[in-house]
Amino acid sequence: MALIMNYTYRIYPDTAQQELMLSWLETCRRLYNRCLRDLKDWMNSRKCAVDRCSLNREYIMSPDIPFPGYRSQKRQLTQWKKTESDLKEVHSQVTQDVIKRLHTSWESFRQRGKGFPRFKKYGRYQSFLFPQFATNPIKGDQIKLPKIGLVDLRLHREIPEGFQIKTVRVVSRCRGTKWFVVITIQADVSVPENPAFGRAIGVDVGLIDFLATSDNLTIPRPRFFIDLQRELKLLQRRASRKKKRSKNYEKAQIKVARLHHQIGNTRKDFHLKVAHQLCDQADSIFVEDIDYRVMAKGFLGKHSLDAGFGQFREFLKWVCWKRGKFFAEVDHKGTSKQCPECGTEWDNNLSIRWHTCDECGYSNNRDVASAEVMRNRGINKYPRTIGERKLSADSVLSGVLYLDKCYAETLNREVKKPAP
């Protein structure tokens, strides 16, 4: 069994390398749109009935032309390269991956029944992939990319021993002003699933407090987008008044993209730090199995998307796996309407933020009580082993159970006690 992970690094190409990579992205975008155009033309030419045609217009195409699938378009790419110099300049495997990317989207559309591939407008194609490497492309603090050369790399963490670099994806952010590489590494190891063990906690997320745990820890919700919304609105208004595709328009769009990038990075950093903090406090973590996409469609959708509950749950699951903790989702129905001590059902609205049970006298914060209910459900569903699991030095996979020391230094928060 192969273990596959992605490591993201910041790279600093020089001016010539940036211009080359931007031209590659534009060539890949045009190739993607060209292949998608052929695909749509073939489909449109076969929409009419056998015995009649449309009154307005009709796509005329020979019935002998086969469906433009992945293999046929790859063969056609070879013919296009003979007459078009732009396609010759791009690495051959990069252009092949563009076609593969399109047909991956097409197959995904066929399975889901929605999400038909769309044309990429200018600036919306932001990455290209080198699918294979014969040797390690990282040379000290640089990475060697085919046809691009050595690019300065900020190697903030080393590639774990025993892992092999499989693919490298070059990603453009902030309209070509920031560049990253996503390195896919692989090792032929089998990592067993973590069983439920040790100390367990339940985690409840919300819009008043970002989360509340069953041990009375509450973390206030930061407003990443809300606090910078006025500044973003101002930058977008200035950008809308510029002439499209002009230099001033591009400068204004870069400012907007940088602010969006800052908001997203701040949110991601907060989620990862909180996830590590929870893993420091418990061995088994239980969360709700709620579909946060439903919350995003309500009148509090902007605040729900700003909090990023879905992203936080995925990060928490990933961090728990890396650090050898147990993570599971439990049923979310009725968690805020059940007493964690005696199990009595009670009915109230969201304006009541303090839970007091008339049967057993239990009293606590509503969100903390919900977290305790989730902890109890998780313990009943996943029986735990006694005590904490001891990991030997041989069982620790390099890079998998790694915890950066900066997290431990910045996450020493005090546990808040409920108000009397």
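**Exercise 1.** Is the crossing of H1 and H4 left-handed or right-handed? Work out how these two helices sit against each other, too.

*Solution.* Keep in mind that you're looking at a predicted model.

- Step 1: Find the pair. H1 covers residues 15-44, and H4 covers residues 92-112.
- Step 2: Get the geometry. The two pack at an angle of about 45 degrees, and their axes are 10 Å apart.
- Step 3: Name the arrangement. Angles from 65 to 115 degrees count as roughly perpendicular and those under 35 as roughly parallel, so H1 and H4 come out as oblique to each other.
- Step 4: H1 and H4 cross in a right-handed way.
- Step 5: See who touches. On the H1 side, the contact residues include Trp24, Leu31 and Met43, while H4 brings in Val98, Arg101 and Trp106, among others.
- Step 6: Sort them by class. This contact has 13 nonpolar, 2 polar and 1 charged residues.

**Exercise 2.** Which residue caps the N-terminal end of H1? Check the helix's reach as well.

*Solution.* 

- Step 1: Look at the start of H1. The cap is Asp14, with a side-chain oxygen 3.4 Å from the backbone nitrogen of Ala16.
- Step 2: Check the reach. With 30 residues, H1 runs 43 Å from first C-alpha to last, close to the expected 44 Å.

**Exercise 3.** At what angle do H6 and H7 pack?

*Solution.* 

- Step 1: Read off the geometry. H6 (residues 229-240) and H7 (residues 247-281) pack at about 160 degrees, with axes 9 Å apart.
- Step 2: Name it. Angles over 145 degrees count as roughly antiparallel, so that's what H6 is to H7.
- Step 3: H6 passes H7 in a left-handed crossing.

Key
Residues are numbered from 1 along each chain as its sequence is written. This is a predicted model: local features need pLDDT of at least 70, side-chain atom pairs count only at pLDDT 80 or more; totals for chains, interfaces and linings use all residues. Side-chain values use heavy atoms; hydrogens and water are left out. Axes are lines fitted to C-alpha atoms, for helices over the stretch in contact, and angles run from 0 to 180 degrees between N-to-C directions. Helices (H or I, at least four residues) and strands (E, at least two) are DSSP runs, numbered from the N terminus. A crossing is left-handed if the near helix is turned anticlockwise from the far one by less than a right angle, and right-handed if clockwise. The expected span of a helix is 1.5 Å times one less than its number of residues. A polar contact is a pair of N or O atoms within 3.5 Å; within protein, one must be able to donate a hydrogen and the other to accept it, and residues adjacent in sequence count only if both atoms are side-chain atoms. Contact means heavy atoms within 4.5 Å. Ala, Val, Leu, Ile, Met, Phe, Trp, Tyr, Cys and Pro count as nonpolar, Asp, Glu, Lys and Arg as charged, and the others, Gly among them, as polar.
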